[in-house]
Protein chains: 2
Amino acid sequence: MGLVVQKYGGSSVADAEGIKRVAKRIVDAKKNGHQVVVVVSAMGDTTDELIDLAGQVSPIPAGREFDMLLTAGERISMALLAMAIKNLGHAAQSFTGSQAGVITDSVHNKARIIDVTPGRIRTSIDEGNIAIVAGFQGVSQEGKNITTLGRGGSDTTAVALAAALDAEVCEIYTDVDGVFTADPRVVKKARKIDWISFEDMLELASSGSKVLLHRCVEYARRYNIPIHVRSSFSGLQGTWVSNEPQGDRKVEQAIISGVAHDTSEAKITVVGVPDKPGEAAAIFRAIADAQVNIDMVVQNVSAASTGLTDISFTLPKTEGPKAIEALEKTRAGVGFDSLRYDDQIAKISLVGAGMKTNPGVTATFFEALSDAGVNIELISTSEIRISVVTRADDVNEAVRAVHTAFGLDSDSDEAVVYGGTGR
Amino acid sequence: MGLVVQKYGGSSVADAEGIKRVAKRIVDAKKNGHQVVVVVSAMGDTTDELIDLAGQVSPIPAGREFDMLLTAGERISMALLAMAIKNLGHAAQSFTGSQAGVITDSVHNKARIIDVTPGRIRTSIDEGNIAIVAGFQGVSQEGKNITTLGRGGSDTTAVALAAALDAEVCEIYTDVDGVFTADPRVVKKARKIDWISFEDMLELASSGSKVLLHRCVEYARRYNIPIHVRSSFSGLQGTWVSNEPQGDRKVEQAIISGVAHDTSEAKITVVGVPDKPGEAAAIFRAIADAQVNIDMVVQNVSAASTGLTDISFTLPKTEGPKAIEALEKTRAGVGFDSLRYDDQIAKISLVGAGMKTNPGVTATFFEALSDAGVNIELISTSEIRISVVTRADDVNEAVRAVHTAFGLDSDSDEAVVYGGTGR
């Protein structure tokens, strides 16, 4: 029985009842002989309420002070959770990100963890305490200012602490039962995945699956920390994310892990770009200088008659205006004809390491979309993922068709599986 | 133009509008050429709401975690205040008690400041920032745990920072115009005091005046930091508390500074105590061992016929049960007859350094009470204070009678004054 890091999200500790329920679960882990470190998010809507307050005093809340404000949320939840645990007769101490040794860079509102020095946590648990740590926050190496880690930051806190403390497992408690083969709100027959590799999980996370964020999975893979995603509302096993299936658990891996979709992106097409060296580079340099992250990129074959080509790429809708502005400034230099902006698109991705050794996957994928009458606008592939861009209106039907075609539906006997022990 | 420390209480920053109003006032001080350090309390009812939340998860919230919880309140108000100041075009940085170098002992929920090392604050203001500091909180020297200073702790934070930074003045902004000659809710004709000595203010504070707490005034006297108590809702001069009147301000000090009253105490009488050496000591040792603070003590003259005496003392009502329990345990050893507990009492105190040189004060005080038909149950005096215990029902009438008798009423011409330059 080793050390376990548990992370509870805001929905699990939304009120006093939630906090007491979570406290019981934590104490159970302690009673089972584990050393327990808990990472907790702010209660329910606390963070949104604080953001709202900030908006009332200042239209553009500033980085350093905004972080100071937001970190009050975890301070409240962690102290209450420690009290609730004590009330069950077990010793508990709460620690801020700074006290827990979560050291970050100085980029306020989306800092990155650069080191974890959990000396106080180690001492606390060695003295028999359950240690409760504020998620989402740290302290900057330079300046010793309070920082926050951005969206999903508490998951990263949990994995980083698990790595620094050499934990057996990092348990991420949430309001769903685990990672599913597709979004259960879209695909009623989606199945919970018992085990998934870090690599497939990374692809799902960057393709629109919201259960775990890419940064958190990347951190876990780097330090080889198994993640167990599970519900704080049930005692069920959830989804294990690791290099290989845990212990004697018998898990079979499907060729395809799941179907992810993402409707948060837009597509920009730069029309009539002169097809000569340096033009594409100039366009993407402008985009990069504007700090816009782009996703899929496609350049059409140049039309011989005109010597002009079109370049399309996708990017978060929120960054659309910034990108358009940056591109307009390059129009004279690059000499393109026009810009098209389209935010009515969806990205559908099929993820699975099995596709590397199963040549028919791409064909099956496209056939399923075609049979469902869904038109494909862009295609991009990696070794273990195929993504297409379609009309936003088609997304639900497209996901369901693909899910069924690969035998992922929960009442299907067709799922193609092989005995998996990693790859 | 030197350094000013300003402290704003929870009622001054109760909502976004209040925070913006306070921000303007702070910026005005900065524009006037001052370096400005601001100490701020939690917004309005935040602390009470957090205490309520704690009660929902645990019937007996524990010290360390309770402090961690409560300090979230100032974190919110200070960050919002810094944002509001930035929005007015001025640089501001907020600091927790720990970051501001407020070092305390380890007594959670009512820690005492043992040192202030404001290096980060000094750097911040020297760089041109307005520094916003969380009141009420610090960090323990041993263990580096977050502590809170108890009721009125933000005032103490402000005075302690003012002392450590060698400020010109510590301005305490509140929702009243200053310190009054009596509680204006009881005495409509109470007058605002323009200047009062530390010594008189200490006596008022320990006699029931709630504008400033004893601990804060004691700290200011020790380091000779002038306090200016004033309203955050008006631009009026408030009450200066200092060793002597400030600068060229012409202030005349009345013989009597004010009349304070306190209905938060109870009276215990130990009846039939054998009048021999050691009996009183045994009683008060028992009280002290139970950590009960007592206020006035009176021992009756022993009745020659019985050799028995009665001992009465007053104490906070909240500590009554603890004291009774402690005394009952000594009954066999001491051999007293019975205990009487009375929580329907009031204490009325007359405070003023002038009484030292004006022999008629005591007589006038007792005559005023007698004329008002108020019976005196206990009397206790210091060099500059006379306190009596009366029935609780009589308190308002008694305070008004005494206030009038000493010419303190605002429309009175009778106030006996002398030109004061300290004492």
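A residue is called buried here when its relative accessible area is under 20%, exposed when that area is over 50%, and partly exposed in between. These terms are applied below to a predicted model.

In chain B, the residues B:R64, B:E65, B:F66, B:D67, B:M68, B:L69 and B:L70 of helix α3 are buried. The helix covers residues 63-70, and with seven of its eight residues buried it is largely enclosed by the rest of the structure. The packing partners of these buried residues come from both chains. From chain A they are α4 (72-87), β3 (92-95) and α5 (119-126), and from chain B they are α2 (46-57), α4 (72-87) and β8 (146-148).

A helix in chain A was also found to be mostly covered. Helix α7 (residues 198-205) of chain A has seven of its eight residues buried. The buried residues of α7(A) are A:F198, A:D200, A:M201, A:L202, A:E203, A:L204 and A:A205.

Chain A as a whole contains 12 helices and 22 strands. Its C-alpha trace spans about 80 × 55 × 30 Å along the principal axes. Of the 423 residues in chain A, 57% are buried. When contacts in chain A between residues at least 6 apart in sequence are considered, 74% of them join residues at least 24 apart. Chain A carries 42 positive and 54 negative side chains, and 5 Å separates the centres of the two sets.

The relation between the two chains was examined next. Two copies of a chain are related by a rotation about an axis and a shift along it. Chain A is superposed on chain B by a rotation of 180 degrees with 0.0 Å of shift along the axis, at an RMSD of 0.1 Å. This is the relation of a two-fold axis. The residue of chain A that comes closest to the rotation axis is A:A72, whose C-alpha lies at 2.5 Å. Of the interface residues of chain A, 100% are also interface residues in chain B, so the copies meet through the same surface.

Backbone angles were considered at two loop positions. Most residues other than glycine have a negative phi. A:K144, which is not a glycine, has a positive phi near 50 degrees. This residue lies in the loop of chain A between β7 (137-140) and β8 (146-148). A:K144 counts as partly exposed because its relative accessibility is 47%. In chain B, the residue B:Q291 is likewise not a glycine and has a positive phi of about 60 degrees. B:Q291 is placed in the loop between α9 (279-289) and β16 (297-299) of chain B. With a relative accessible area of 61%, B:Q291 is exposed.

A:R340 belongs to strand β18 (residues 338-342) of chain A. Apart from its neighbours within four places in sequence, A:R340 is in contact with A:K267, A:I268, A:T269 and A:V271. A:A326 is 14 residues from A:R340 along the chain, and the C-alpha atoms of the two are separated by 14 Å.

Definitions and conventions: Residues numbered from 1 in each chain as written. Chains lettered and ligands numbered in written order. Predicted model: local features only at pLDDT ≥ 70, side-chain atom pairs only at ≥ 80, totals over all residues. Heavy atoms only, no water. Helix = DSSP H or I, 4+ residues; strand = E, 2+ residues; numbered from the N terminus. Buried < 20%, exposed > 50% of the residue type's maximum accessible area, 1.4 Å probe, protein only. Contact = heavy atoms within 4.5 Å. Lys, Arg positive; Asp, Glu negative; His and termini not counted. Charge placed at Lys NZ, Arg CZ, Asp CG, Glu CD. Least-squares fit on C-alpha atoms with pLDDT ≥ 70 in both.
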